[in-house]
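Subject: Structure for handover

Hello,

The structure is below, followed by notes on what turned up in it. Please read the notes alongside the coordinates.

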Amino acid sequence: MFCAAPHLLLHRCFSTYTRPHPSSITVRSSSSLQEIHESTPESKEQGGLSSQLYASTPFPPIKVAKRVVLVRHGQSTWNEEGRIQGSSNFSVLTQKGEAQAETSRQMLVDDAFDVCFSSPLTRSKRTAEIIWGTRKEGIITDSDLREIDLYSFQGLLKHEGKAKFGAAFHQWQMDAANFNIDDHYPVRELWARARCCWTKILTHESKSVLVVAHNAVNQALVATAIGLGTEYFRILLQSNCGASVLDFAPQADGGPPYICLNRLNQTPSSPVAGGSSAGRKTSKRIILVCHGSQANTEVSFPNLGDQPMNMLGLIQAQKTAELLLDLKVSCIISSPKIASVETATTISRVQEAADCLGADCVPRYVEMKQMQDLDLEKILGQSKQEATKVPQNQPGWIKGFNDGVMTALWDQSGKTWESILEELSDESEQQKVVVVVGHPAVHIALMGRCLNLTKEWMGSFHLDAGSISVLDFPDGPGGRGVVRCINYTAHLGRWSIPITRSTSDDEEF
């Protein structure tokens with residue numbers, strides 16, 4: 001059975017996998033590896049990222065399952081001004097930031113957190129205080145959770161940084177992993193600091209943990225947990241008060257835990273509304289929509305077979321269609337399976353109807369296509385006898401498939417991904433939004449393709465029925481994708497999967 005345990009990746013991930021695009025990302029580390037960059041004269045002169053990897057202390061073993069919820073602070077005064085904050089402590093929450101924190105508090109109010117870790121910086125600590133509310137346990141502040149140290153950049157407006165530092169500011173924008181200022185490499189330092197934070201969090205006697213910190217440090221926490229190097233800075237977005245969830249499961253032999261990114265950047269506001277990706281506007285976007293719950297609830301999730309959606313699935317599809325009204329969808333591509341076609345049809349009808357609310361308007365046609373490579377029945381059918389039975393909504397359910405199935409799924413996803421990118425490359429529309437509807441397993445593989453990973457990483461991600469994941473391409477389909485959110489379910493309201501689960505009587509995920 002395939003499992004994406006960090007200690008196993010130690011022996012698998014030294015080789016580099018490169019997507020054939022000019023701006024591709026290179027996988028350089030796993031969560032049991034740490035990039036160590038010595039400031040040699042040669043490295044300073046070349047400004048290059050060392051490819052040498054050293055085995056660092058593995059993640060500490062845990063005895064029971066642990067869930068960690070990461071939240072970025074609400075909007076601050078310097079966020080509003082467009083000023084570079086770094087680890088300075090001169091900004092406070094705006095009125096909007098306070099409201100965002102309150103929304104996050106309501107989103108998490110019923111969750112049974114055992115402990116809260118917070119950055120000591122005012123904007124983060126205040127957000128933590130609002131979310132933590134009247135809980136009796138005190139908030140633990142940790143200076144390692146402070147925002148990235150940006151040294152001479154801190155306090156400058158962005159246009160001031162560009163004017164004063166020129167080439168250095170350009171490198172910060174375009175090649176942050178190699179960015180050097182005041183004889184420091186801020187992103188590399190941040191990754192090392194994030195790895196230290198995980199040791200403190202995982203060794204704390206708790207099962208459900210809230211961490212309130214900042215944009216860059218939360219990116220580093222997510223990336224180091226699932227084994228991604230500094231090249232992934234600005235690839236895994238963290239919006240103000242966005243919540244990301246990581247699940248840690250103990251190993252029977254007492255080794256480092258299995259780690260799964262349950263969701264990324266679940267925000268108080270719509271994940272598809274206006275905004276930028278990593279500070280840049282994007283005109284090309286892919287939205288991965290998992291079809292709604294299916295009729296046969298007796299089958300372990302993810303359901304196999306060609307079944308229609310049940311009433312919950314129909315509600316989920318309608319809620320997703322309403323969420324996507326913030327966008328003008330160009331094309332909907334779906335698996336030929338019933339549940340996927342039903343979901344795609346619902347989205348199409350709502351999109352077309354929304355453009356025809358006036359008496360004289362003409363309905364807009366939204367193109368719908370079916371893609372055979374999104375059909376996984378043959379591949380998944382091979383796992384029926386050999387796959388582990390996985391309870392519904394359990395994180396890491398895809399690890400129940402054997403290695404042969406995972407390989408076939410991964411290989412098929414390559415063809416699918418190239419076809420979707422070709423659709424996105426259509427220049428007939430300046431703004432292009434492609435919605436892809438299918439089985440959660442194929443969407444996990446597609447996200448891996450977007451992030452330029454290998455099949456060994458598939459067990460590091462989780463998707464629920466009715467969820468959406470948003471992939472932006474600010475440099476066009478030939479550039480690297482920016483993940484705006486993964487497994488977003490807030491739009492489902494009372495029909496959503498809770499951000500956290502009760503930790504009582506949980507022996508394993």
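D182 is found in the loop that runs between α7 (167–174) and α8 (186–203). Bear in mind throughout that this is a predicted model.

Backbone

Most residues other than glycine have a negative phi. D182 is not a glycine, yet its phi is positive, about 55 degrees. With a relative accessibility of 39%, D182 counts as partly exposed. C241 is another non-glycine residue with a positive phi, near 65 degrees. This cysteine lies in the loop between α9 (215–226) and β7 (243–249), and at 0% relative accessibility C241 counts as buried.

Cysteines

How many disulfides does the structure hold? The number is zero. For C196, the closest cysteine sulfur is that of C197, and at 7.1 Å it is too far away for a bond. C196 is partly exposed, at 42% relative accessibility, whereas C485 is buried, with a relative accessible area of 0%.

Aromatic rings

There are eleven aromatic pairs in the structure. One of them joins W172 and F179: the ring centres are 5.1 Å apart and the planes stand at 50 degrees, so the pair is tilted. W172 and F179 are both buried. The two also belong to a cluster linked by ring pairs, together with F153, F165, F169, W191 and F233.

Two arginines are placed over tryptophan rings. R83 has its charged end over the ring of W78, 5.7 Å from the centre. R449 lies over the face of W410, and here the distance to the ring centre is 4.0 Å.

Salt bridges

A search of the whole structure gives 21 salt bridges. K369 and E423 form one, with the closest N and O atoms 2.5 Å apart. Because K369 lies in strand β11 (residues 367–370) and E423 in helix α13 (residues 403–424), this pair ties together parts that are 54 residues apart in sequence. K369 is partly exposed, at 31% relative accessibility, and E423 is buried, at 13%.

E423 also meets K432 in a salt bridge, at 3.5 Å from N to O. K432 in turn has a salt bridge with E429, at 3.6 Å. K432 is buried, at 2% relative accessibility, while E429 is partly exposed, at 28%.

R135 is in the loop between α5 (122–132) and β5 (139–141). The side chain of R135 does reach backbone oxygens: that of D111 at 3.1 Å, and that of I131, which lies 3.2 Å from a polar atom of the R135 side chain.

I131 also features in a C-alpha distance: V109 and I131 are 22 residues apart in sequence and 7.7 Å apart in space. V109 sits in the loop between α4 (95–108) and β4 (115–118), and at 41% relative accessibility V109 is partly exposed.

Regards

Definitions and conventions. Residues are numbered from 1 along each chain as its sequence is written. This is a predicted model: local features need pLDDT of at least 70, side-chain atom pairs count only at pLDDT 80 or more; totals for chains, interfaces and linings use all residues. Side-chain values use heavy atoms; hydrogens and water are left out. A disulfide is a pair of cysteine sulfur atoms within 2.5 Å. Buried means under 20% relative accessible area, exposed over 50%, partly exposed in between (1.4 Å probe, protein chains only). Rings of Phe, Tyr and Trp (its six-membered ring) pair if their centres lie within 6.5 Å; planes under 30 degrees apart count as stacked, over 60 as edge-to-face and the rest as tilted. A charge sits over a ring if NZ of Lys or CZ of Arg is within 6 Å of the ring centre and within 35 degrees of the ring normal. Helices (H or I, at least four residues) and strands (E, at least two) are DSSP runs, numbered from the N terminus. A polar contact is a pair of N or O atoms within 3.5 Å; within protein, one must be able to donate a hydrogen and the other to accept it, and residues adjacent in sequence count only if both atoms are side-chain atoms. A salt bridge is a side-chain nitrogen of Lys or Arg within 4 Å of a carboxyl oxygen of Asp or Glu.
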